[in-house]
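Q: Hi! I'm about to look at a structure I've never seen before. Could you walk me through a few spots in it?
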Amino acid sequence: MDKLNNLKTTLKELGIESAKTIEETVDLQYHYLENLQKSLNNDELFLKLVIINALASYQLSTTGENWWKEFSEYNWDNTIKNKEKDNGDLFENYILFLSNSKGNRRLNNVKIKRINKIKPFLNNLPIADLENYYLNMNSFRDNLAKQLNTKKDSKTVVFAIKMFGYASRIVFKRFIPYPFEIEIPKDSRIEKYTKKFTEQNPIEFWNNISKETEIPPLHIDSILWSALGNSKTVKIRLKSLENKEISKKIDNLINIQ
């Protein structure tokens, strides 16, 4: 109970604003998306690329940070950058990128089938509809799950919403908190950390913690993802935050025994 109370207290003290700070100044995935958005100079294609990549971001051959770095640094200039509305080209060239990637080599046939399954849905989304989905991320989650014929709480679907939220924040220059209804992505970092406190299903556990701390699960994920990773760059960024109280609280989360 002491461990659990410590967790809840620390998260409450951090709150959504600290999660936002961590997302925008610490999380390397956000940083890589900012760079990609600038280099592409085409916001509709940028948002769609991020969604596609998120849906293929599982069973990686490297860390999540390294994978999103590879994605953001790919030479899209010679593929889609100057083809403003050719979304067909977008999908073909993403599949080419995935097929030759270093950090995502497993189950590629399955991932390509998934990309082709989502293609008709994304093809018909102008940027105005994408902005509306940013205003209603629950609806976007539901529609993605329906198109993919999978559960709403599946890891790739909720992770796609998280990365879509990052990308939309960059494009539309507006912070909209993630909905409480969208669950935390259940990956190895989260599962291992959850076992410090309970044998309960991680999604159920973090849903309850979310309600008690008043932080949406995807924002809790942002806090924990940075805290629990092994990236030296992330650790340096955490230590370098202007708000030193955030760094102290992150250390507390890491060291709960």
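Q: Let's start with Gln 59: buried, exposed or partly exposed?
A: Gln 59 counts as partly exposed because its relative accessibility is 46%. Buried means under 20% relative accessible area, exposed means over 50%, and partly exposed is in between (1.4 Å probe, protein chains only). Do keep in mind that this is a predicted model, where local features need pLDDT of at least 70, side-chain atom pairs count only at pLDDT 80 or more, and totals for chains, interfaces and linings use all residues. Residues are numbered from 1 along each chain as its sequence is written, and side-chain values use heavy atoms, with hydrogens and water left out.

Q: Thanks! Where is Gln 59 in the chain?
A: Gln 59 sits in the loop between H3 and helix H4 (64-73). Helices are DSSP runs (H or I, at least four residues), as are strands (E, at least two), and they are numbered from the N terminus.

Q: What is phi for Gln 59?
A: Phi of Gln 59 is near 50°, which is a positive value in a residue other than glycine. Asn 41 has a positive phi too, near 55°, and Asn 41 is not a glycine either.

Q: And where is Asn 41?
A: Look in the loop between helix H2 (28-40) and helix H3 (43-55). Asn 41 is exposed, with a relative accessible area of 66%.

Q: Now something else: how many salt bridges does the structure hold?
A: There are 14 salt bridges. The term covers a side-chain nitrogen of Lys or Arg within 4 Å of a carboxyl oxygen of Asp or Glu.

Q: Which residue does Glu 212 pair with?
A: Glu 212 forms a salt bridge with Lys 8, and their closest N and O atoms are 2.9 Å apart. This pair links distant parts of the chain, with Glu 212 in helix H11 (residues 202-213) and Lys 8 in helix H1 (residues 2-25), 204 residues apart.

Q: Are those two buried or exposed, or something in between?
A: Glu 212 counts as partly exposed at 40% relative accessibility. Lys 8 counts as buried, at 15%.

Q: Who does Lys 162 meet in a salt bridge?
A: The partner of Lys 162 is Asp 221, at 2.7 Å from N to O.

Q: What about Lys 239?
A: Lys 239 forms a salt bridge with Asp 251, where the closest N and O atoms are 2.9 Å apart. Lys 239 belongs to helix H13 (residues 232-239) and Asp 251 to helix H14 (residues 244-255), 12 residues apart. Asp 251 is partly exposed, with a relative accessible area of 28%.

Q: Which residues are linked in a network of salt bridges?
A: Lys 20, Glu 23, Glu 24 and Arg 169 are linked that way.

Q: Let's switch to helix packing. How do the axes of H1 and H12 cross?
A: The two axes come within 9 Å and cross at roughly 80°. H1 and H12 are therefore roughly perpendicular to each other. Axes are lines fitted to C-alpha atoms, for helices over the stretch in contact, and angles run from 0 to 180 degrees between N-to-C directions. Under 35 degrees counts as roughly parallel, over 145 as roughly antiparallel, 65 to 115 as roughly perpendicular and the rest as oblique.

Q: And H6 with H8?
A: The axes of helix H6 (residues 108-123) and helix H8 (residues 137-148) come within 9 Å and cross at roughly 125°, which means H6 is oblique to H8. The contact (heavy atoms within 4.5 Å) involves residues including Arg 114 and Phe 121 of H6 and Phe 140 and Leu 148 of H8.

Q: Last one: what does Ile 182 touch?
A: Not counting residues up to four places away in sequence, Ile 182 touches Met 137, Asn 138, Arg 141, Val 158, Ile 161, Pro 217 and Leu 218. Ile 182 is in the loop between H9 and helix H10 (188-194), and counts as buried at 0% relative accessibility.
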